[in-house]
Amino acid sequence: MPPPNDGPPDLDEILRKLQQKIAGLFGARPRPQGPGGGGMSMPPMGAAVGGGVAFIILLVIAVWLASGFYIVEEGRRGVVLRLGKFNEVTMPGPRWHVPYPIESVEVVNVSGVRTVEVGYRGNPKNKQPQEALMLTDDENIVDVQFAIQYTLKSPEDFLFNNRNPEDNVLQAAETSIREIVGKSKMDFVLNQGRSEVAARVKVLMQQILDRYKTGINVTTVNLQNVQAPEQVQASFEDVVRAGQDRERFKNEGQAYANDVVPKARGVAARLIEEAAGYKQSVINTAQGDASRFRQVLAEYEKAPQVTRERIYLDTMQQVLGSTTKVIVDQKGGQNLLYLPLNELMRMTGQGATTVEPRASAAESPPPAAPEQPTTRRDSLRSREREGGR
């Protein structure tokens, strides 16, 4: 039976066992237990050295093979190089390649957005005049500051075809913007054409980068600041304000025209319609008068005297129809007859019982006042003068 465990194991015993295990790895055999013996019996020196070298070699090979494991994170790609030459692109996840120096791997971030600034660095106030000042088609100078954002679409092209990717993007952006601005007018670049300039720069940049197989994809071109040079900024602000005032006055004039022109056209159309109606009325009236005259002429030719009297009576009816008083001068006598037509008409409208006595009274001429000798004499003299004339 094993001796009872009275306490913790002896430290010397632990070290001795550890020594025996290490010696066993190098080919040593344990010695038989007995007086003067014990421990490990060491093999010959050559065998021990050979076993240790083999173990070390195996350990080195295992560590070397283990160094080929790597992990590709999401949004990145692994570019494997075999003896310095492109071999393959690995996707996200745990991967393994033949360890260095046979193969090596470059992990490239293809989803990250990179930014290149043209015309300034960090802050628009920190200008780079050699990049920002550009000549337009109408021989004016503008100050353009913009930023380029790009991602990678081909990690192998990005690694092997670019010595300095950021510098390549900067040069392509500067070349593109100078070409676009050089073909545009200054007012177009400063005002209404900013978005169009940015879109055209993006297209031209992508064409240049694809031509050189840089593996770069331009995502956004942001025009941060487009203005005239500082030396003439005040004058250009005056020009811009004048242009804005011109547009404002033009809009006000257009609004006034939109209000006045329809009204004028409506009045003109109404006057034209009224004139056409008046024209047609006059024509119809003239035609009616002519037709009535022809009818009267035909009746006049049949009975001239009767027609003449009828026309006379109709005319007198029209003339005296709107009068309220009629005075009749008798040719042979000295009496003047007064006919109060307004009273007669009013009495006629009140009823038969009231009208009859007044009508009879009206029909009988009022008694003539006795004529004075002077009045009779004056009337005779006036008649004699008329007869002499």
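Which residues does Gln 227 touch, not counting residues up to four places away in sequence? Gln 227 touches Lys 127, Val 142, Asp 143, Leu 190 and Gln 233. This residue lies in strand 13, and because its relative accessible area is 18%, under the 20% cut-off, Gln 227 counts as buried. Keep in mind as you look around that this is a predicted model.

## The chain as a whole

Let's step back for a moment. The chain has 12 helices and 15 strands. Of its 389 residues, 22% are buried. The chain exposes about 28000 Å², and 57% of that area comes from carbon and sulfur atoms. Among contacts with a separation of 6 or more, 60% join residues 24 or more positions apart.

## Strands and their partners

Strand 4 (residues 76-82) is joined to strand 5 by five bridges, in the antiparallel sense.

How do the two faces of strand 3 divide its residues into covered and uncovered? Tyr 70 and Val 72 make up the covered face, while Phe 69 and Ile 71 are on the uncovered one.

Now for some backbone details to check on screen. Pro 101 lies in the loop between strand 6 and strand 7. The peptide bond leading from Tyr 100 into Pro 101 is cis, with omega near 10°.

Two other residues have a positive phi although neither is a glycine: Glu 139, at about 60°, and Lys 213, at about 55°. Glu 139 is found in the loop between strand 11 (133-135) and strand 12 (141-152). Lys 213 sits in the loop between helix 7 (194-211) and strand 13 (216-227). Are these two side by side in the table below buried or exposed? Glu 139 is exposed, and Lys 213 counts as exposed as well, because the relative accessible area is over 50% in each case.

| Residue | Relative accessible area | Class |
|---|---|---|
| Glu 139 | 68% | exposed |
| Lys 213 | 56% | exposed |
| Gln 227 | 18% | buried |
| Thr 307 | 10% | buried |
| Ala 147 | 5% | buried |

Ala 147 is in strand 12, and with a relative accessible area of 5% it is buried. Leaving aside neighbours within four places in sequence, Ala 147 is in contact with Thr 115, Val 116, Glu 117, Tyr 120, Thr 220, Val 221, Asn 222 and Gln 224. The C-alpha atoms of Ala 147 and Ala 173 are separated by 9.0 Å, though the two residues are 26 residues apart along the chain.

Ala 173 is one of the buried residues of helix 5; the others are Pro 165, Val 169, Leu 170, Ala 172, Glu 174, Ser 176, Ile 177, Ile 180 and Val 181. An α-helix has 3.6 residues a turn, so residues three or four places apart point the same way. How far apart are the end C-alpha atoms of helix 5 (residues 165-182)? They are 26 Å apart, which agrees with the 26 Å that its 18 residues should span at 1.5 Å a residue.

## Thr 307 in helix 9

Our last stop is Thr 307, which has its place in helix 9 (residues 304-320). Thr 307 is buried, with a relative accessible area of 10%. A polar atom of the Thr 307 side chain lies 2.7 Å from the backbone oxygen of Ala 303. Not counting residues up to four places away in sequence, Thr 307 touches Val 296, Glu 299 and Tyr 300.

Key. Residues numbered from 1 in each chain as written. Predicted model: local features only at pLDDT ≥ 70, side-chain atom pairs only at ≥ 80, totals over all residues. Heavy atoms only, no water. Helix = DSSP H or I, 4+ residues; strand = E, 2+ residues; numbered from the N terminus. Buried < 20%, exposed > 50% of the residue type's maximum accessible area, 1.4 Å probe, protein only. Contact = heavy atoms within 4.5 Å. Areas by Shrake-Rupley, 256 points an atom, 1.4 Å probe, with all protein chains shown as cover. Pairing = 2+ DSSP bridges. Polar contact = N/O pair within 3.5 Å; in protein donor to acceptor, adjacent residues only side chain to side chain. Expected span 1.5 Å × (residues − 1).
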